[in-house]
Amino acid sequence: MPEFKLADRLATLPPYLFAEIDRVKQEVAAQGVDIISLGIGDPDLPTPQFIIDALYESAKKPVNHRYPDYIGLLTFRQAVADWYKERFNVDLDPHKEIVSLIGSKEGIAHFPLAFVNPGDLVIVASPNYPVYPVASGFAGGEVLTIPLVEENDYLPDLDAIDDDTWKKAKIFYTNYPNNPTAATATPEFYQKLVDKAREFNVIIVQDAAYTEVYYDDNKKPLSILETPGAKEVAIEFHSLSKTYNMTGWRIGMAVGNETLVAGLGKIKENCDSGIFQAVQEAGIEALKHGEPYVKEFRQIYKERRDYVIDALRNINISCRVPEASIYVWANTPKGYTSAEFVSKLLRETGVVVTPGNGFGAPGEGYFRISLTVDTDRLKEAVSRISQL
Ligand SMILES: *Cc1c(COP(=O)(O)O)cnc(C)c1O
């Protein structure tokens, strides 16, 4: 029998921490327990009907049955430019500063292939979305993790990184509003990061998937491209997934520095053949006319957030009040590690939450709740947690 060994890049992946939870979940469900999953970062609300209608109309046109352009329809990129202008007052050239993506995860995963050589250093602020270190590792990069801590509002301490490290670094990854901590970035932080990146020739990859899920109209999350000088060093990944409840549609965008956008485009040109044009045309409608719906979604998440925060505090579980994102980041009760708490909670109550250390070691001592079930289910979940 021939034997096929996985490539080193797969064999050296860190163990998938959520696999154990999935196993216990199957076991508990098999006993007939009603599982409440607060573990998934996937909006439960449906895509607005007008976007679905737009897809239907576009899918009927034969021109859309052909291969799309790998860089994306100019009309879609123009809609992205208009949306960035309206929302962030950022000017983008749709010809050079925007590339459309098959979901932002696709772009984030491909990006290091364009700019990281084996042995290059990449810095990841953690806890983090797992794709940043994994994709950097696939490209042969060495990953340095720097901690995001509560005392610093989950913003990385840039001064704690020495000049030698800055000099060696190729990419610095950030994600605000942050998954999993739900923290947002300040203009001062972004300015400092952009200044460092310009001084030391470092690429900033900022993941902006959650800028539209915010809770206070007076504190809208920023685009890093609002920062003076950012276009010299930054590429920002964004997506229609979380904004318009379109995770299954697979459409996103990367915007910013022209060289960085072109490099990513070059990789994509060699890997995929673009996004179904009907999906892009539906995406244009979403970007143009989605805001009233997004406003409603924010209201729904806010009700859920307020309920969960109050309820957790009533049972003496402390948590941070999120300004944005669909998550609540909470401290595990005294005496438990993240994994112990999550496992006990699941076994004894059927409630699934995500252990903080699943997003990297700095997440130890925390767990993440997704606000992606309705308030009645959240009530049931918190009542079960209180019985632990
Ligand atoms: C959900 C998510 C994404 C990506 O979503 P796509 O559906 O691939 O656009 C990217 N980053 C973070 C942090 C996310 O939570």
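**Ground rules**

I am working with a predicted model, in which local features need pLDDT of at least 70 and side-chain atom pairs count only at pLDDT 80 or more, while totals for chains, interfaces and linings use all residues. I count residues from 1 along each chain as its sequence is written, and side-chain values use heavy atoms, with hydrogens and water left out.

**Entry: the domains**

I began with the domain assignment, which gives domain 1 (8–46 + 292–385) and domain 2 (49–290). Such bounds come from an automatic or database assignment. I looked up the C-alpha centres of domain 1 and domain 2 and found them 25 Å apart. How many residues of each domain are in contact? I noted 32 residues of domain 1 against 33 of domain 2, where contact means heavy atoms within 4.5 Å.

**Entry: the nonpolar cores**

Next I looked for nonpolar cores. A core here is a set of buried Ala, Val, Leu, Ile, Met, Phe, Trp, Tyr and Cys residues joined through side-chain atoms within 4.5 Å. Buried means under 20% relative accessible area, exposed means over 50%, and partly exposed is in between (1.4 Å probe, protein chains only).

The largest nonpolar core has 96 residues, and Leu38, Tyr84, Phe172, Leu225, Leu240 and Tyr244 have the most contacts inside it. Helix H4 (residues 74–88) gives the most to this core, with 7 residues. Why does the core lie between domain 1 and domain 2? Both domains give residues to it, so it lies between them.

A second, separate core has 23 residues, among them Val99, Val122, Tyr132 and Ile235. I reminded myself that nonpolar side chains tend to be buried together in soluble globular proteins.

I then followed Tyr244. Leaving aside neighbours within four places in sequence, Tyr244 touches Thr47, Pro48, Ile51, Trp83, Ala286, Leu287, Gly290, Val294 and Phe297.

I picked helix H5 (residues 104–115) and helix H6 (residues 131–138), which pack at about 40° with axes 7 Å apart. Helices (H or I, at least four residues) and strands (E, at least two) are DSSP runs, numbered from the N terminus. The axes are lines fitted to C-alpha atoms, for helices over the stretch in contact, and angles run from 0 to 180 degrees between N-to-C directions.

Which residues meet here? From H5 I listed Lys105, Ile108, Ala109 and Pro112, and from H6 Val131, Tyr132, Ala135 and Ser136. The residues of this contact divide into 6 nonpolar, 1 polar and 1 charged. In this count Ala, Val, Leu, Ile, Met, Phe, Trp, Tyr, Cys and Pro are nonpolar, Asp, Glu, Lys and Arg are charged, and the others, Gly among them, are polar.

**Entry: backbone details**

I found a cis peptide bond from Ser126 to Pro127, with omega near 15°. Pro127 sits in the loop between strand S3 (121–126) and H6. Tyr176 and Pro177 are also joined by a cis peptide bond, with omega about -10°. Pro177 belongs to the loop between strand S5 (169–175) and helix H8 (187–200).

Ala182 lies in the loop between S5 and H8. Phi of Ala182 is near 70°, a positive value in a residue other than glycine. Is Ala182 buried or exposed? I noted a relative accessible area of 1%, so Ala182 is buried.

Asn245 has a positive phi too, near 55°, and is placed in the loop between strand S7 (234–239) and strand S8 (252–256). At 6% relative accessibility, Asn245 counts as buried.
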